[in-house]
Amino acid sequence: MATTLGERPAAADAVRDPSVLVVLVARDAAGWLRECLQSLASQTHARLGVVAVDNASTDGTADLLVQALGQQRIIRLPENRGLAGAVQAAIQLPAAQAADYLLILHDDTALGPDAVARMVEAAEGIRGVERVGIVGPKVVDWENHRLLREVGRSTDRFGHPYTPLQDGELDQGQYDRVLEVLFVSDLAMLISREAWQRTGMFDERYAGRHDDLDFCWRARLAGFRVLMTPLAVARHRSASSRGERPTEHRHRSSRYYAERAALVSMLKDYGVLTLLWVLPVYTVLGVARLVFLALGRRFEDAYDLVAAWGWNFAHLPGTLRRRVRAQSVRSVRDRAVRRFMAATLRVPRWFERAEEFLEEDFESIAEDEPTRPRGRRAASMAVGHPVLLGTTIGILLWAVAVRHFVGPEAIEGGALAAFPGSSTELFGELLSGVRTTILGGAQPSSPALGAMGAVSWISFGNADLAEKLMLGALPVLAAVFAYRSFARQTVRPGTAVVAAAAYVLSGTALWAFSEGRIPLLVGFATLPIVWDRLDGAFSRRRIERPFRFGVGLGAAIAIAMSFLPGLALGIALMIVVHILGGRRRGRGLGLTMLGAATGGLLAFPVVADIVSDPAASLSSFVGTDDPWSVLWLAPGGGPGTWVLAAFLPVAAVLCFAAAERAEFGRVARAIAVMGAGMALAWLSAAGYLPDALANPPVYLLTAAFAAAAAVAYGASGLVSGLDQQAFGVRQFGAALLTLVLAVGIGAQSLQVTLAEWEVRPNGLPPAWPVVDASAPGEFRILWIGSPAGERFPAPGGDPIGIVESSGASLRFGLTDRRGASALDFGRPAFGPGYDYLRSVLLELLAGETAHAGTLLAPLGVRYVVADEGDLPAPAAAAFDVQADLDLVPAGGLTIFRNAAALPPAFVATDPAWTPAAEASSLPEIAARPIVDVQRIPPVESGGTSGSATAGEVVVADQFDPGWRIENQGQRLPPRPAFGWAISSEVEPGSISFIFTEQWMRTAEMALLGLLWLAALWITRKPVSA
Amino acid sequence: MRRFQALAAAILVALGVGGAVYADRELGPRSLSAGAAATAPSGEWFCPHGGGKADWEVELQVANPGTEPATIRILTMGRGRAEPGGTFTVEPGSFLRLPVPAVGRERASTVEWFDQWVAVGWVAHAGGDEGGLAAEPCAATAGGRWLLPDGSTATDVDDDYVVVMNPFSRDAVFSVTLLSERTAPVQHGDLTDVVLGPHHSVAVRLSNWIKNERTVSAVIEASIGRVAAGTLGIKPQGGGVRSTIGYLGDPPGTLVFPGGSDAGRTDLAVMTAALERVGLSGQLLDEEAEQTFGGLADSAPPAQSGRTYTASTNGPTSVVFTAEAPGVAVARRTYGVVSDQGSTGGAVPAQAWVVLPAVMGSPSQPGLAFANPGTEPVELTLSYLALGLAPESAGADPIMLTIPPHRTATAPRAFLDAAPDGAVLAVADAGTFVPAAASYSRGREGFATYAVALGIEIPAGWIPA
């Protein structure tokens, strides 16, 4: 059946024919080995020998080999030593040493009859192509010969294998030319004697995975060419991948082996100069991948990545020894090898990955459009590939939308909160026992700071970049999650794409983006996930792992609430509607309760705030009370908040009218949420709801998502089989819906294209430098304006409250000198200090005080800022008569400078101050003596200041009994100043501030971290194949 | 099903649109809740009293008509660094006189009050050859535009000033426009964009810019910051002194100027800061009759001018002045029977007033005049806010006084003599009126000096029960 070199008839020995020894590596291959052997037997190449290495098979493979080749041509290994070990054993044979070529062959590979001859021909017979060391065949599927499996491979610059083939790519002759490639697979690899003797054989440490890459790379370094000839065809069964071969226990994923091989190959095969730049870049990218995997809850993949690096570290001495060997035969530069590496930008692969991500966990996706006449190819293309089309348009639109973000200039304006300069500040605030922003206190930070710290870390601590990253990425995430949610529920990608587009182009979304409202944009991204889970919980859909499902719902709720606690109101609205209108209410309620409980646990600092002061935590004072704007889902002004933004609710109602029976329940629930959201938004803005329930932007966001969901559900039923029915009401409805959506999405896209966002470089008011250029040192800014539902001029952020008087009312906010801070995401402002501020403003509005500046001074307020013309006349009159608030000339802003301002932390050395600091009533505070004070730096736990003389140290942070002031070796318990701040008498010398309850916060945060780790582990994604 | 859905969708749309229409037109935003009562009342009085040479004396007068003690804090300013004048408590129902530095024409003071509203004015005694007495209430607010009608450079000895104070902690920048009868409005570069430092004051001598005008009025416009301003008129060698606080913004169209026992001659210094002619009219209300202010009949002085209208009076006479359009400010100058002069701004009638004394030293002959321009008699209760004393130890019991309609009335001599240097609280049971102090006191070379000071209206909420 098989022959060896010695057995060929002498006449057949063509003098010029090179000899080829086939090294057949087999293991547990009884099921298909026969076909492999038959293919060898039918080879047309004259001088062909075969030697087989049995890698400790247990299924009779060895017997088959003996029957076919005879005992003396079989090498039996006592254990599975992998390909490298098997080949190593084979090349010890004299026949192998003498053969011109070795052909490494896997047992599940069947060669075409002339495959060997063609490979030899490619190795020796191509004019002008010298020093061919390795040749591989074109590999097709074992059964389907038109399906391409291998045409030679490449890698990226970092050793990750890359094939030019698409999944399921058919052989249409597109690769039918001899290709010079970086490497060919070892399933059928012809190696010249010179090549393997010069470079050595396979590195056994690869354990049979990607050792072909390293081997070919080394051969290339030695100056040999690697070719793929399509004239030689091999069929590959992929027995291991199919699970047909009894495999040994697999410890690691393919990602692990690929990564391990990539790094070891680089370390061995790149020159020193190349390594000098490749390794740092690889490290950065590797860390980014690690973060990406962790964020995507692919923890096992992330672990494999780390394990691969660990393996390389542990085996570095061996790698270096092999590197010396590889580099010793080097005859070409790395540049010559890199020619055969894949380009860094691999768009098709990116699309593949995007598709995998977008359609992850989907059930079968329905084909929207079967075939179209040739003349309508473009339309057919669009309808047939809605995701591709939507993604392309979306990317273009996104690129236009974020055009202002390109460049080194920081983006400012709108309601954008300033990011701290480093991730350390974010993590520090998260772990801090005391709040370092505004009026301080012992209020915990939101878990959102952890996520933002990660973003800041990824952006190298560059605050501007972090802002751009979050602002740019969140709308994309919102679109992706909305699409995934809709597509999963409707199984119609076309309508899901349209609904997702309508969602991110809604008036609310564009308003939030324009204003730089990162917390609300997080809500945009998370609400689709929450809705999807609720829909699943209350539907008849089978849930594989209910606990994981419920925890996932809780994690989404926690993320939303961590950034914007008010989102709890929108989520609650969704839950209520599902409870009232859902199907499997028992299961749904149970899963929802599990989700709510998990969400509460994962965001327990936020929940604690909500329990302490629900109004401050949940409410928002932003949002229009114009009912028409509410109808078109526009909480405020800005690009895309015009009347055409009404397309979304109009389309939703159309979908409700035309919904199919199967989708009617879902559409009805979505419409109910939309209507209730709009109504609640208006009632909130108009002041009819209690503060704890009033949050217009959140309600409008919920309504916008529900409207988009109604469109997705309604449209998916409406378009199904539309062209198979006679024209009627349904077709008319579909046409009308298409028109509404086309006009709406088109018009909103146009707005995006032309928009001048509120957030942009130089987005601060021209008058802001009046405040910003103020004398050094910390101070606070009181922002005021009429309660018209608008934010303050940048960088004032949003109001934190409204004070009402019979004559006038004011919205107000308080920031430090940099304006609103991202450190306050998810963390409301409440406590006795804010109560004091409120009472001062009430006093001012009552019109009976002329010393508002003196009353504001304990808060550290140096400036009072309002938008020009935004102060109600009675309030403006009240400010005008203040003896200690001086109007500062500033175009575009109304700025009062507080003549009685005090620093946020100071030592008053005048003895008259002590009773003043002890005062807690406004009259006493207003009449306090005017004395010089010694400014000290803002207080932080462990911070140290000094005082030249004895006096009263006063810190305008909310009092907490956990503070201690260390002075003259004594730890002094502070007393409340002004009824809410911190003060103590001190002697000359250093003053240290110590927060004694820090351990409690540390423990809380450790617990929070553990809870998140547990939740992420429970909801982790399955490991990659 | 489809029909039902279409119907439900139509109802949804109708509900949405109908709800929006209803919300837009009928419902609207929720009305504001009632405001909380003030708990920390405070305020500040601005007193551009002026001063002179070393022998000038200025006293701030602070009266507390309420039931709670008031804390006050005084700051006096001029060209140099502002000088704190101390912190004092003014007991309920009493009043204090607090001397402040008076050297320099530009002298000015502020009085901050806390917890309890107080009425604040000043009385200034000119020493040396400038002998005379001037009294006036301070200004309750500072601001950007002041109208100061009372200035004169009619004779070479007229030495009148505009005193501008910046009582705040930021620079103020202001410009002065001088208006008179025969001279075009003066807007000199030196009077434009004058920078006045924090807690500083400045005096502008009118005769440096306009001469030989009976009335030289000033418009002060602050482009940056807020200021307070008044006029200080000095006529050495027996002419006496007078001072008038300015009007912040446009005064009301009708102003009442009570008058006491003066020499029988009234000069109305009328400035028209408006850009057009404004028709004027006036009535004279004495104790017996009402008559038209003849000089004002059919008068419409030119825009951007200052003009003097004179009337002769017999006994305590009040003037009711009416301008047909905004932009007109008026001061009334009157003269003592022997020497000195006085001037005052006008006011609109109100229910309750504090009248600070316009006397300094002894002998003291206080006078109180009350004008009732209304059509109904006004019943007043007059009570003393004794100098530094609690009300129960005051020397005079409250008395009732009736002012007939369209008449002027004066306080009974017996009441006045009981506490000649006390402030008076005047509260009407019904109706409104305007009071003023027109008094003689001290004197130079045996001639008592004359001063007039308008009462200070008690704001609503602070009127004693």
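**Comments on packing and interface**

1. Helix 20 of chain A makes a left-handed crossing with helix 32 of chain A. The structure is a predicted model. The axes of helix 20 (residues 493-504) and helix 32 (residues 729-754) of chain A approach within 10 Å, crossing at roughly 45°. Helix 20 of chain A is therefore oblique to helix 32 of chain A.

2. At this crossing, helix 20 of chain A contributes Val498(A), Ala501(A) and Ala502(A), which meet Leu741(A), Gly744(A) and Ile745(A) of helix 32 of chain A. By class, the residues of this contact are 5 nonpolar, 1 polar and no charged.

3. The largest nonpolar core comprises 370 residues. Ala499(A), Ala502(A), Ala651(A), Cys655(A), Ala708(A) and Ala710(A) have the most contacts inside this core. Helix 31 (residues 696-719) of chain A supplies the largest share, 18 residues.

4. Leaving aside residues up to four places away in sequence, Ala651(A) touches Ala502(A), Val711(A), Leu737(A), Val740(A), Leu741(A) and Gly744(A). Another core, of 97 residues, lies apart from the largest one and includes Val22(A), Val233(A), Ala234(A) and Ala239(A).

5. The contact between the chains draws 40 residues from chain A and 36 residues from chain B. Among the elements of chain A that give two or more residues to the side touching chain B are helix 29 (647-658), helix 34 (832-845) and strand 19 (885-888). Helix 30 of chain A gives the most to that side, with 4 residues. The side of chain A that touches chain B has 25 nonpolar, 8 polar and 7 charged residues.

Terms used
Residues are numbered from 1 along each chain as its sequence is written. Chains are lettered from A and ligands numbered from 1 in the order in which they are written. This is a predicted model: local features need pLDDT of at least 70, side-chain atom pairs count only at pLDDT 80 or more; totals for chains, interfaces and linings use all residues. Axes are lines fitted to C-alpha atoms, for helices over the stretch in contact, and angles run from 0 to 180 degrees between N-to-C directions. Angles under 35 degrees count as roughly parallel, over 145 as roughly antiparallel, 65 to 115 as roughly perpendicular and the rest as oblique. A crossing is left-handed if the near helix is turned anticlockwise from the far one by less than a right angle, and right-handed if clockwise. Two residues are in contact if their C-beta atoms, placed from the backbone, lie within 7 Å. Ala, Val, Leu, Ile, Met, Phe, Trp, Tyr, Cys and Pro count as nonpolar, Asp, Glu, Lys and Arg as charged, and the others, Gly among them, as polar. A nonpolar core is a set of buried Ala, Val, Leu, Ile, Met, Phe, Trp, Tyr and Cys residues joined through C-beta atoms within 7 Å. A residue is buried if 20 or more other C-beta atoms lie within 10 Å of its own, exposed if 12 or fewer, and partly exposed in between; C-beta atoms are placed from the backbone.
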